[in-house]
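Below is a short briefing on a predicted model. The points are grouped by topic.

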Amino acid sequence: MSDDDSRTLALDPIACDGRGLCHYAAPDLIDLDEWGYPLLRGGGLRMGISREERDAARDAVHACPTLALHLER
Amino acid sequence: MGAASRETRHGCPMTERLGLASPPGLADHLRTFGPMPLPGGRSGGQPGPLVDEVERAGLRGRGGGWFPTHLKLRAVVESSESRGRLSRTRQPLVIANGMEGEPASSKDVVLLTSSPHLVLDGIEAAARTIGATDAFIAVHRGSPAIEVLERAIAERPASGLPITLVTPPARYVASEESALSHWVGDGVAQPVYPDRPFQKGAGGRPTLVQNVETLAHLALIARYGGAWFAEVGAPSAPGTTLVSLGGALGHMGVVEVPTGTPVKDLLGRAGGTTSPVRGFLTGGYGGGWVAADGFMSTPWDPDSVRAAGGVIGASILWAVGAEVCPLEELDRITRWMAGESAGQCGPCIFGLPALADDVHSLASRRSDATRDVRLQRHLTLVTGRGGCKHPDGVARLVATALSAFPDEVAIHGDGRCSAHPGAGTHLPVPPVRVPVIDPSGRDFR
C-alpha cells in the first residue's frame, strides 16, 4: 500500500521498567545499559527501523511485558 | 503614544511594569494599572483577538522555555476543537504555574506577593482567549504566596471564571508542565510521557500551562497593547523580565529589567560584585555554568545567553566568587538533583546518582584513573532518555561546569583546589532525598 517502508521504534521510558526482554528478543537492535535499561540506536527514545529489521523490531515489541515499545509507521 | 499615556496615567516607570514595589491589594492594583478591559472571547475554532496582540508583542514564556506564547494559545484552541466546534470533553483549562522549583529563583514568589491581581488578570484574559471555563493557580505547598493569593482571589469581583488555588508538593519536577497538569487532573505531580498538556493535559483536557510572570505580561498586553509591550527589550524576546540575582553580590534579590540588559548592568542593580567573580550559574540547576571572561557584556535574553554558552531558563543569574569552588557547588547540586528524580525512568533513577558519584569523586579530589571515562559515559547515558528533561538538565549542569572551569578541573585532578574553604556565598541546596523507584507516585501526592 504505502510506498514508504520506514518504521519507527518508540520507547516509553516511564512505562519501561528495565526487564530487558526486548534485548533478548532483538539483540542486534536493542542493547542494555549498565543498569539494564534498553539503549536504542542513536541513544534516544526513537529509532528508525529498516524493512530488514522490521521482524526483529516486532519481536522486541511483543516481548515487552510493560508495553513500553511501539512500532510506528 | 501608548507608552507616554501609560506612564502619565499610572505613574509607572517604563521598565518597571510589573508593580513589584506596590502593595498587593485590589484598590492599589487598579490605581497602578487601571481597569482591565475584558478581551473578546474565543469564537468556535478561533481564539480571541488578544492572541494577535500577543503575537505582535512577541511575548515568550518566562518559566524557562521562552516558547512563543501566541503559539501555545493557538495550539490549545486547535486541539480542543472537533469539526469546528468545541467538544464538551475537550473543554480547555488554564493552569498558572507559580511553583518555582528552582531553589535559586525567587522571582515568582516576589511577583505573586506584590502583584497577585496582575497574574489573576492574566489568567482571566488567557481563559477568555482560549475558551477555558475554569482555571487553577499552582504554588508549592508551604509557599509564602498562599495567603496573599487567597486574599486576592477572595477580593476580586465575580468574573464567571472560577480560579482555584492549588498547592502541589514542593518537588523540583512538580513544576514541569506535564507534572503540573497531571497533579491538577489526578493529584500526582509526576511528569507524563508522551502527551503534552496542550494536547491532553489535566483530565485529558487541552491545558494551557503558563508561568505566572508570563500571565502578568499578558495582562499588561491586554491593557496597553502589543506594540507598547515591544517598545523595550531585545527584539527576539521583547519586554521586561524578572531576574533572580545571587552569589558574590552586594545584595541578592529580584529585579525587573528590559530583556537584553547586559550582565554587568544586572550585577550593578544588585550592588555590584563583592569579590572577583570566576563565573556564573545561569538559568538554575537545570541550566548552565559560564566563565566570567566575556560574559559580562552578554545581553540577558534567551538567544544571546545561549550563544555565550549559558541558559537563561527561569532568569536566574548567580555570581560565583573566586573564594568559592564551583566543583564543590556542582557536587552538592548534582546530588540534590539526583534525589529530585520523579522515580519513573531508569536512566534518571540510576544514572543521576552514578553521575553524582563521579562529580563527588572529582570535587573531593580523589585519585581515580577511570573517573573521566565513567563521567563522560554517564553524561551520554542520561541524556535524551527520560520522559521529561530533568536528566538532560543535570547532564548540562555537569558538562558546562567542566567546560567553564577547566583549570579548576585540572588542579582537582592533581589533588588541589583554588578556593578558600568555608568562605563566600554558596548556592542554596534543600535537604537531599534518596532517589527511589516510584511508579505509583506516592512521594508526589
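Helix 6 of chain B, residues 116-130, lies across strand 3 (93-97), strand 4, strand 5 and strand 6 of that chain. Relative to strand 3 of chain B, helix 6 of chain B runs at about 150 degrees. The model is predicted.

**Sheet of chain B**

- The open sheet in chain B has four strands in the order 5-4-3-6, and their pairing is parallel.
- Strand 5 (163-166) and strand 6 (207-211) of chain B each have a single partner strand and stand at the edges, so one side of each has no neighbour in the sheet.
- From one strand to the next, the twist averages 20 degrees.
- Strand 4 of chain B, residues 135-138, runs parallel to strand 5 of chain B and is joined to it by four bridges.
- Ile137(B) has Leu165(B), in strand 5 of chain B, as its bridge partner.

**Fold of chain A**

- Chain A contains two helices and five strands, which follow the pattern β-α-β-β-β-α-β along the sequence.
- Chain A has a radius of gyration of 12 Å, close to the 11 Å given by the globule rule for 73 residues, so it is as compact as a globular protein of that length.
- The C-alpha trace of chain A spans about 40 × 20 × 20 Å along its principal axes.
- Of the 73 residues in chain A, 26% are buried.
- Among contacts in chain A with a separation of 6 or more, 66% are between residues 24 or more positions apart.

**Contact between the chains**

- Chain A contributes 11 residues to the contact and chain B contributes 13 residues.
- On the side of chain A that touches chain B, six residues are nonpolar, three are polar and two are charged.

Terms used
Residues are numbered from 1 along each chain as its sequence is written. Chains are lettered from A and ligands numbered from 1 in the order in which they are written. This is a predicted model: local features need pLDDT of at least 70, side-chain atom pairs count only at pLDDT 80 or more; totals for chains, interfaces and linings use all residues. Two residues are in contact if their C-beta atoms, placed from the backbone, lie within 7 Å. Ala, Val, Leu, Ile, Met, Phe, Trp, Tyr, Cys and Pro count as nonpolar, Asp, Glu, Lys and Arg as charged, and the others, Gly among them, as polar. Two strands pair if DSSP finds at least two bridges between them. Axes are lines fitted to C-alpha atoms, for helices over the stretch in contact, and angles run from 0 to 180 degrees between N-to-C directions. The radius of gyration is taken over C-alpha atoms; the globule rule is 2.2 Å times the number of residues to the power 0.38. A residue is buried if 20 or more other C-beta atoms lie within 10 Å of its own, exposed if 12 or fewer, and partly exposed in between; C-beta atoms are placed from the backbone.
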